[in-house]
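The sequence and the coordinates are shown first.

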Amino acid sequence: MVMKRRGLSKLLNVLKLKDGLFLFVVLMSLLSVMALAVDFEDPTLSNGNESESYFTVNVSASDASNISVFINLDNSLVRWWKIDNMSGSIVIDDMGKDNGTLANQAVQIDEGYFGKGLALDGNGDRFDTSQAINGNYTLSMWFKSNNSAAISGNLLQTIGASYPNVYNTAGKVSLKLGSQNWVTSSTTTLYSDLKWHHLVVYVHSDGAGSSDLYVDGVLDEGDVDTTSEVSWGSGGFYIGNNFNGTIDDIMIFNRSLSIQEVQGLYANESTKYLYTNLTGAVGNHTYGAYVQNTSANVNVTLNRNITILIDSTNPLVTINSPYHTRNYSNNVSFNISLNEAGYCEYSLNSGITNYTMITSDNKYFNATNTSIANGDYTLSVYCNDTIGNNNYTVSSDFTMYDHLIYYVDNSSAGCSNDYDKNYASNPTTPYCNISSAIDNVARGDEIVVKYVEGGYCERILIDINNAQGNATSPIIIRGEADDNRTILNGTCASNGDLIQVGGADFYTYRYFEIRDVVGGDAINVNHNGGNQALNVTFENITISNIGSGGQFDGVSFHSNCTGVGRWLNITNVSKINIVDIDGSNTNYYDIYLEGGGDDAGGNEPGILFTTDLDRANHEIYRAIINNSYGCLWTRTNTTVNDLSCINNLDDQISILDDYVTITNFNVSGTPAANLAINISEADEAILINGKFDRNLTILNNSNVIFTNVSYNMDLESVDNSSNLTRNWYLDVSSNLVGVNITLTNSTGGVFYSNITNSSFNVPRQILLSYINVVGTQTYYSNYTISATKSGYVSQSQNVNMTDNQMISFSLSLVASSSVGDTSSGGGTPSFYSKTIVQDDKEFEEIGTIIKELSRKQRMRIKIDDETHYIGVVDLTDTTVTINISSTPQQAVFNIGDEKKFDVTDDNYYDVYVKLNSIVDGKANLTIKSIYEKVIVDDVVEVKEEKKSLVNGVVEKIELDLEWVFGLVVVFVVVSLAVYFKIWKKKKKKKKKKVDKKSKK
C-alpha cells in the first residue's frame, strides 16, 4: 500500500499546531496503526466491467489484536456510532448524518469492545437519534450485560412506534415486527453471561421476506416472517433504552449482508479473510473494505468501481395462443411473445419433448403442430433472454376437439322456411331463412352461411340449445371469407331485422354483406324473455341501403346489452348508422359511416349514444363519419380516440351529459348555420388534440377543458352557468444536456422545473392560456421560461400560450473567474472539481459573501496574505458538510445552522458560515469575515473536532512499512517548521491587534 500525496498533504496541514504534546500523540497513533493492514486479494476485480449480476470480493486484514472487517458497498453504511467519537453529550455519527444525544446517566467509558463504550444502568439510560430510517436495514452492534439474572431492555427501539424493536428479555435477544399483527421471535440462547456479544439483525420491512438474527457470527433465529409492512416511527431510534450493560460500535446498513459479511464483522481473530459475492443491479457500483481493531483504530482500502453490464431479471413470457381455450382441428398454432430479445421452445409433456419455435426478431415466436390428437394438454414454454436469464414457469391448459363446422346456404330466392331444421355438419340441403334451434353445438364451433351467387338469405335468427364447452368461448356465425362475404339480402323480408340476437352470450358474427333491408334494422341486439344479449361481436361487416321504407338503423343495441363492432362499413341508413339505447355498453373500432340520418321521422346523427350516467360505457377508436345528418351525439360515459366528422348537415358533435373525452379529432364542413360542437349539461367534458371549423356553444352548468384544440374563438359562446378552460402544449429543448429548465407563472411561482435529458429536451408541459368562467374571459400570459447551467450564460423569455409552442435555448460558455481544479500542489489531483476565486483582496476588506456551492466546489479567500478555502465536501437534501482549511476543520450544517472558525490558530475567530438553504443540489451560504475571541467551551469543541479529524485522517491513510522511518523524519522537520511559522504568525497577528487599537 502506498500513502496518497493528498492524504499526506492533509496531514501536514493538520500539523500546523502549537501543541508539541499533540504532535507526539499523533506520531504515536500513526505508529500504532501501521500494523493494521487491509487490502483486496484475487479474484477481486479491479475497476472495470462485470458481465454477471454479482461480483466477487476477497479482503485480507490483519493486526496484533482482534479485528472486524466489512465492505461498504455503494455507501450502504448509513450510520456508524463508534462511541469513541463524542463531544460532550453528543455521540458522533462517523457517517455525518445523525449524531445522537445522551439521555439520563449514560456515560462513555474506556472499557468498550472497540476502544471506548457506552455504559447504561437499565434505568432509562440511552442515546437518542433523530433521523428516521425507512426500508430494509441491517443493524450491527456489540453488547455486554451487567447482570447474569433474567434482565430486559431495548438494544434498539424505533421512536414513535413499538416496532421494529430489538430488545433483550430474560437474557435472550428478540425482534418484534409488524403493523397489524406483531411477529416476535427470540434467540434460542441466553446472553446474560457478563460477556461481550456481537449482534446482527436484518429487518425486512416491506412484508415481502423474512428477517434474521445473528449472534457472534451465527444465525440464532431466522425467517422472522410478517405478511404486512412494518410501521415506522416518524423519528429515529432509542439505542440502549433501559438496558443494563455496555454497548459499542453500532452500525446500520441499508442492505442485507451475506453470512460471510456477518462473520467478518464478528471480531474474534487477529487475521481475517472476507470472501463473498456482492449482488448489484445494472449500472455503476463503488465499494471499499474497512478494518477496525479493538483499540478502535481503522484502516480502509481505496475504493474500487465496477459496472454491471447485464440484468438478472428473467424475461416476461406471454402465451398469446392457445391460452386456456379449445381448438377445433389437429392443426394448432402456437404464438409466444417476450418483453426482451431471447429464445423460446415449447413442450406438451413437461419438457420431455421440446419443439423449436421460429422468430424474426427474437421477441415474437411462432410454431405450428399438425399432429395433436384430441384431449387435454398443458402447454409449457421455456424461454431465456440473450444473457441466459430463464423463465420456465409459463404454461397454459387447452383442449383439442375435432373442428366442427355447420354449413347452411341460400341457393334460391323462393325457398321455403323451416324453423325446426336441425342442421347437421357438412353441407346440407339449402334453406334460405336461418331461424332454427341447433343442438349439440360446442362453444367455439362455427356455423358457416355459404355464399351462393344470386342466392338470398332473408334473416339470421339462430338459437343454440345446450351449447357445450367453455362458457366464454364464442359461437361463430360467419360468411365464407372477408373477400367473399355472404350476402344477407332483405328485399324479400318485409319485416324483421337481418341479424337479430336476443338473450345470447358470446356470439361472433363476421364476413357478411347486409343490404336492401326494407322492414327492419340491419343488426338488432336486444333482450329475449328479459335476458340481455352479452358479449356479442360483429366483425368485417358491410351494411348499405337500410330502411328505405321507414325508420330503421344500421346497428342497434338495446337494454343493457354489450358488444363490440370492428371493421364496419355502413352507408345510406334511413335513421341512425349506430345507436345504443337504454344502458347498452359497446366498443367500436375502425368504422366508416356515410349518409343516412334524414328520414321522415326525424333527423339523427351517424352515432347516437342515449344511455344515462350509471348504466353505460362507450368507446370509439378510429371512426370516420361523413355526410350524415350529424356526426356523434352522446349523453354520458363516452371515450373517443381518432374521430373525423366531415360535411355532416347539423350539429356535428353534441355532448349532452357528463364524463365524455374526445382525443385526436377533426370537425370540418360544418354548415354556416350550425354548430361544430354543442355541449350542454356536461360535467368533465374533455377534448384533446383536435380542431373544428364552426361555432362552439357551451350551456347549462357545463365544465369543459380543451387541450391543444384549434378553433375560431370569435365563434365561441359560453353561457353564464358554464366554464371553459383552454390549455396548450409547451415543448422546450436546449443545445446541452443537464440544462435546468424552470417555468414560472404570472405571479412568479415556480410552475415546473426539470433537467434536459440525453435528447436535449424536458417532458412536454401543459400550460393554461385562457379560461371562460361563467362568461368572463381571462387570458393567462407572462409565463417566464429560463434555462440555466453552471458555467454557461443563462437565458430566459416570456411566453403567452395561444397555441402549441416549441422553445429552444442555445446556451454559450460564460467567461468567469471560476476555475476548475486540476491539481493541488505537486500535480496531484484535488478532491474539489472547482475552486471559485472570490477576489485577490483581503477577506476583511470584502466583508460578507453570499455564494451557492455544489458538492466538491470550494471558494478561495485570503486572510493575512495566506490562502484559505471553504468547501462543500458532502451534500444531501437537508445537510451540508463544510470543510475549512488551511487549518483543517469540518462541520455538518443543517439548514439555518451557523458556525465560527479560527483558521489562523490565534484563538480568534476569522470566518463565520451560515447555511441558508439547499436548492437543486446547491448549498446557499453566507460567509463573513469576523474577529472575535474564542471562548473556552468553543476551544474544547474545536480541539475535539481537530482530534476527530486527525483520527479520521489516520484511519484512512494507507501506509506501507517502507514509509515508517520516513514519517518519523518528516514529523521532526515539520514540528520545527510549524513552531517557526506559528511564532512568525503570532508576531504578525499581535501587530495587527495593535494597529486596530490605534485606529480606534
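The sections below cover the basis of the model, its overall composition, its cores and its salt bridges.

## Basis of the values

The model is predicted; local features require pLDDT of at least 70 and side-chain atom pairs count only at pLDDT 80 or more, whereas totals for chains, interfaces and linings use all residues. Residues are numbered from 1 along each chain as its sequence is written, and side-chain values use heavy atoms, with hydrogens and water left out.

## Overall composition

The chain contains six helices and 77 strands, taken as DSSP runs (H or I, at least four residues, for helices; E, at least two, for strands) and numbered from the N terminus. Of its 1000 residues, 50% count as buried. Here buried means under 20% relative accessible area, exposed over 50% and partly exposed in between, with a 1.4 Å probe and protein chains only.

Among contacts (heavy atoms within 4.5 Å) with a separation of 6 or more, 58% involve residues 24 or more positions apart.

## Nonpolar cores

A nonpolar core is a set of buried Ala, Val, Leu, Ile, Met, Phe, Trp, Tyr and Cys residues joined through side-chain atoms within 4.5 Å. The largest has 65 residues, and those touching the most other members are Tyr-509, Ile-514, Phe-538, Leu-643, Ile-662, Leu-687 and Phe-692. A second, separate core comprises 32 residues, including Leu-102, Ile-133, Met-141 and Val-215.

Leaving aside residues up to four places away in sequence, Ile-514 touches residues that include Leu-488, Leu-498, Ile-541 and Ile-546. Thr-542 and Ser-544 are also among them.

## Salt bridges

Side chains of opposite charge can pair when their charged atoms come close. With a salt bridge defined as a side-chain nitrogen of Lys or Arg within 4 Å of a carboxyl oxygen of Asp or Glu, the count comes to 13. Asp-110 pairs with Lys-116 at 2.6 Å between the closest N and O atoms; Asp-110 is exposed at 55% relative accessible area, and Lys-116 is partly exposed at 28%. Asp-128 and Arg-126 meet at 2.5 Å, N to O, and Arg-126 is buried at 17%.

Asp-590 and Arg-622 form a further salt bridge, at 2.6 Å. This pair links distant parts of the chain, strand S46 (residues 585-594) and strand S50 (residues 618-626), the two residues being 32 residues apart. Both are partly exposed, Asp-590 at 27% and Arg-622 at 39%. Arg-510, Glu-539 and Arg-566 are joined in a network of salt bridges.
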